[in-house]
Amino acid sequence: MKSLTEIKGQAQAVMQLQTALLNDRISHAYLFLGCEGVGKKTAAFAFAAALHCSKRGEDGKHCRVCNSCLKMEHGNHPDLYLVEPQGSTVKIEQIREIQAQSAFKQLDSRYKVIIIDDAQKMTEEAANCLLKILEEPPKDNVFILLAGSMYAVLPTIISRCQLIRFNSLAPRIIRDILLEEAGIPEEKASLLSELAGGSVSQALKIWESWSEDNQWRSPERILEVLKRQDRLALLALSAQMEKDQYLQPTLEFLMRWFRDVLVWEKTSCVKLVSNQKMVGEHWPAPQRSEKAVALISEALKRLKQNANPRLTLDVLFLKLHDLLGYSESINFTAHKDN
């Protein structure tokens, strides 16, 4: 289990938590806000470990050797509770269970820590139940809510929490994490860090998709279908990709390819291109690539709004085919970096 000092790329959030520990001014509730894969959950467990630790340092680092730390490391600390969505939501029964547990005195530490993951997925009933707890918080109970967006969290809950913001991670931070913790080769880690949108978990999802045998996941092969004068092949491509769990990362990777086209055409600077091995000499016209980026971005937006995947892909691929007007082959020969 990481300590607060080992969390990368979140200096402001870590400093806020360290200051609270140093001054012994612990709030009854925190809202850790940031997109998936930026370290919110890691920080929540690190903060919980520091709260439980009987020998923690002034920097908020838990000792790893006291009784509480050993229980945290083994995942069986009696004063730590993790609430995660059951199916697609956090249900009222889960919050009621926490409410019941909060009435009992903590067993092994000064604080009882409750971590609620994906707090934005609480049902209305669950959120209202939690609000009642936060309005009259039990003594020495610390609630840590993790959320990707505050818009789905009740404003009255937000007002009762100390807000800790987690930023999207810089590519170099993601690259280092992939190298050191996931053992991904340096060349792949560098590319993934640029494609990940600031999220380690997104980078790992893309890496997993690359590791599996699926011929439709690379931009080269999608473009090979797009350039054919065969609309039935495009519809077959939609059917192939429709139920792929890596659909969104694949489209984001394709969008980044067109973005690289724009950057290369406007700057001729290979260092600004995410996927340097795909820099070639024959591309779609820059204005078409810009429109392609817009089309894919709109498709991703629709998918996130739960639009029909098959219909969204059909429309996207047909529009891309008409936009790009592929009749000539595309050269994917790598351009050497001078």
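Modeller: β1 and β4 pair in the parallel sense over 5 bridges. This is a predicted model, where local features need pLDDT of at least 70, side-chain atom pairs count only at pLDDT 80 or more, and totals for chains, interfaces and linings use all residues. Residues are numbered from 1 along each chain as its sequence is written, and side-chain values use heavy atoms, with hydrogens and water left out.

Biologist: What is the bridge partner of Ile114 in β4?

Modeller: β3 and β4 run parallel, joined by 5 bridges. Ile114 has as its bridge partner in β4 Phe143.

Biologist: What is the strand order of the open sheet?

Modeller: The sheet has 5 strands with parallel pairing. Strands of a sheet pair through backbone hydrogen bonds, either parallel or antiparallel. The order is β2-β3-β4-β1-β5.

Biologist: Why is one side of β2 and of β5 left without a neighbour in the sheet?

Modeller: β2 (80–83) and β5 (162–165) stand at the edges of the sheet. One side of each is left without a neighbour because each has a single partner strand.

Biologist: By how many degrees are neighbouring strands of this sheet turned against each other on average?

Modeller: Axes are lines fitted to C-alpha atoms, for helices over the stretch in contact, and angles run from 0 to 180 degrees between N-to-C directions. For neighbouring strands here, direction is ignored, and the average is 20 degrees.

Biologist: How many residues of β4 are buried?

Modeller: Buried means under 20% relative accessible area, exposed over 50%, partly exposed in between (1.4 Å probe, protein chains only). In a regular strand the side chains alternate between the two faces of the sheet. Asn141, Phe143, Leu145 and Ala147 point one way from β4, and Val142, Ile144 and Leu146 the other way. The buried count for β4 is 7 of 7.

Biologist: Which strands does helix α4 touch?

Modeller: Contact means heavy atoms within 4.5 Å. Helix α4 (residues 92–101) packs on the sheet, and its direction makes about 170 degrees with that of β2. The strands touched by α4 are β2, β3 and β4.

Biologist: Is Leu178 buried or exposed?

Modeller: Leu178 is found in helix α7 (residues 171–181). Leaving aside neighbours within four places in sequence, its contacts include Ile184, Leu192 and Leu204. Its relative accessibility is 0%, so Leu178 counts as buried.

Biologist: Where is Asp118 found?

Modeller: Asp118 is not a glycine, yet has a positive phi of about 50 degrees. With a relative accessible area of 24%, Asp118 is partly exposed. Its place is the loop between β3 and α5.

Biologist: Which helix gives the most to the lining of the largest pocket?

Modeller: On a 1 Å grid over the protein atoms alone, a pocket is an open set of points where a 1.4 Å probe fits, with protein on both sides within 12 Å along at least five of seven lines; lining residues have an atom within 4 Å of a point. The largest pocket is lined by 20 residues, with Glu36, Gln202, Gln248, Glu252 and Lys304 nearest its centre. α9 (200–211), α12 (247–267) and α13 (286–304) each supply at least two lining residues. The top contributor, with 6 residues, is α12.

Key: Pairing = 2+ DSSP bridges. Helix = DSSP H or I, 4+ residues; strand = E, 2+ residues; numbered from the N terminus.
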